[in-house]
Structures are given as C-alpha cells and as structure tokens.
Amino acid sequence: MSRIGRLPIDIPAGVEITVDDAVVTVKGPKGELQTPIAKPIQVEVADGQIQVTRPDDERESRSLHGLTRTLIANDIVGVTEGYSKSLEVVGTGYRVAAKGTGVEFALGFSHPVNVEPPAGITFTVEGNNKLTVSGISKQAVGEVAANIRKLRKPEPYKGKGVRYAGEQIRRKAGKAGK
C-alpha cells in the first residue's frame with residue numbers, strides 16, 4: 001500500500017470539497033481549484049477527511065494512488081494559504097520593474113522583456129532585482145516561475161541571469177591566466 005496514498009487528508013474550516021464523477025472541486029477563501037481523478041482511483045469524503053483508495057495492486061493503480069492524494073492536498077493548501085516562488089535577477093544592468101499588472105525585465109538584450117501574468121497569478125516586485133510569483137495553483141506558480149527563469153538562465157561563469165531565491169549556481173573557472 002502506498003505510504004502517502006493511504007494517509008487521510010484533513011479538511012480545514014472554510015474549505016468545501018465536492019467529488020463528481022472524475023473531478024474533485026476544492027473551494028476555499030482564496031478561490032476554487034479542480035483536479036481530475038484517474039479511472040481506477042476512488043475518492044471519498046467523510047467525517048471532515050478525504051480518503052483516497054485504489055481497487056487493486058496493479059502497477060498503474062499504485063502509481064496513481066499517491067499522486068492523486070498529493071494533488072488534492074496541494075489544492076487544499078492552495079485555496080487556504082496559496083503558493084509563491086521568489087526569483088532574483090543578478091547581473092550588472094539587469095533589473096525588474098512592475099509595469100501595470102505585468103513586469104518588465106532588463107536582461108542585457110537590446111530590448112526590454114515584458115511578461116504578463118496568466119489568470120490566477122500575481123507578480124510582486126521588491127526593489128529592482130527581486131520578484132515574487134504567487135497564486136493558488138502550485139503547478140501554475142511553478143510553471144510561470146520556470147518560464148521567467150528561462151528568459152535568461154544563470155550562466156556558470158559570472159552567475160548572471162534570473163535564478164530562484166536561494167538557488168546555488170555551480171560556478172566554472174574561466175580561462176587560465178597563464
């Protein structure tokens with residue numbers, strides 16, 4: 001039995017769970033999220049807890065068991081607390097500035113790079129080199145942060161670029177002096 005999949009999920013106050021045919025809907029103070037449920041997995045809500053079960057020990061059922069439980073737990077955390085990822089812009093002349101709902105990056109290109117947030121995502125700029133991406137969906141926050149980092153990945157020689165806060169960049173030695 002999956003160690004993660006068999007754990008019950010406690011439903012906090014103010015969160016409403018609805019289980020339809022193959023979709024679990026989670027409503028909370030910050031918004032609403034829906035998660036599709038794969039075919040062999042069953043989800044039951046009882047006594048303020050969610051229990052995820054599988055019908056058999058087939059390989060596919062085992063692999064989906066813990067995944068489904070974790071996705072539902074992530075949705076509950078998202079609608080109650082939300083998720084955020086912090087990014088840092090490192091490099092001479094590299095900066096980020098808020099522009100309307102989006103942000104504008106100066107990353108050493110001949111032009112500024114504008115990024116608009118998708119639905120459900122907000123950007124917060126602190127200073128001129130820190131950006132926080134926040135929202136209720138863990139997957140959406142991570143994807144937007146990864147796409148922003150992809151604009152100018154940190155390079156290994158000087159470490160310039162967009163990196164996650166606290167990310168360690170493996171540095172390389174440059175050309176040998178003599």
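How many bridges join S2 to strand S3 (residues 23-28)? Four bridges join the two, and S2 and S3 run antiparallel. Welcome to a short tour of this predicted model, in which local features need pLDDT of at least 70, side-chain atom pairs count only at pLDDT 80 or more, and totals for chains, interfaces and linings use all residues. Residues are numbered from 1 along each chain as its sequence is written, and side-chain values use heavy atoms, with hydrogens and water left out.

**Terms for strands and helices**

- Helices (H or I, at least four residues) and strands (E, at least two) are DSSP runs, numbered from the N terminus.
- Two strands count as paired if DSSP finds at least two bridges between them.

**The S2-S3-S4 sheet**

- S2, S3 and S4 form an open, three-strand sheet in that order, with antiparallel pairing.
- Strand S2 (16-19) and S4 stand at the edges with a single partner strand each, so one side of each has no neighbour in the sheet.
- Neighbouring strands here are turned by 15 degrees against each other on average, direction ignored; the axes behind such angles are lines fitted to C-alpha atoms, for helices over the stretch in contact, and angles run from 0 to 180 degrees between N-to-C directions.

**The S1-S6-S5 sheet**

- Another open sheet holds three strands in the order S1-S6-S5, and its pairing is antiparallel too.
- Strand S1 (9-10) and strand S5 (42-46) are the edge strands, each pairing on one side only.
- Two bridges link S1 with strand S6 (residues 49-53) in the antiparallel sense, and Asp10 has Gln49 in S6 as its bridge partner.

**Pairing around S7 and S12**

- Strand S7 (residues 83-90) pairs with strand S12 (residues 130-135) in the antiparallel sense over six bridges, and Lys85 stands opposite Val133 in S12.
- S7 is also joined to strand S13 (residues 161-164) by four bridges, again antiparallel; here Leu87 stands opposite Tyr164 in S13.
- S12 pairs with strand S11 (residues 121-126) as well, antiparallel and over six bridges, with Lys130 in S12 as the bridge partner of Glu126.
- The hairpin of S11 and S12 has three residues between the strands, and Gly127 takes a positive phi near 70 degrees there.

**Rings and charges**

- The charged end of Lys85 sits over the ring of Tyr164, 5.1 Å from its centre; the term requires NZ of Lys or CZ of Arg within 6 Å of the ring centre and within 35 degrees of the ring normal.
- Arg152 places its charged end over the ring of Phe109, 4.3 Å from the ring centre.

**The largest pocket**

- The largest pocket holds about 160 Å³ of space, where a pocket is an open set of points on a 1 Å grid over the protein atoms alone, where a 1.4 Å probe fits, with protein on both sides within 12 Å along at least five of seven lines.
- Lining residues have an atom within 4 Å of a point; among them are Leu33, Asn74, Tyr83 and Lys138.
- Strand S4 (31-36), helix H1 (59-80) and helix H2 (138-151) each supply at least two lining residues, and S4 gives the largest share, four residues.
- The lining divides into five nonpolar, five polar and two charged residues, with Asp, Glu, Lys and Arg counted as charged, Ala, Val, Leu, Ile, Met, Phe, Trp, Tyr, Cys and Pro as nonpolar, and the others, Gly among them, as polar.

Notes. Points joined across faces, edges and corners; volume = space filled by probe spheres on them.
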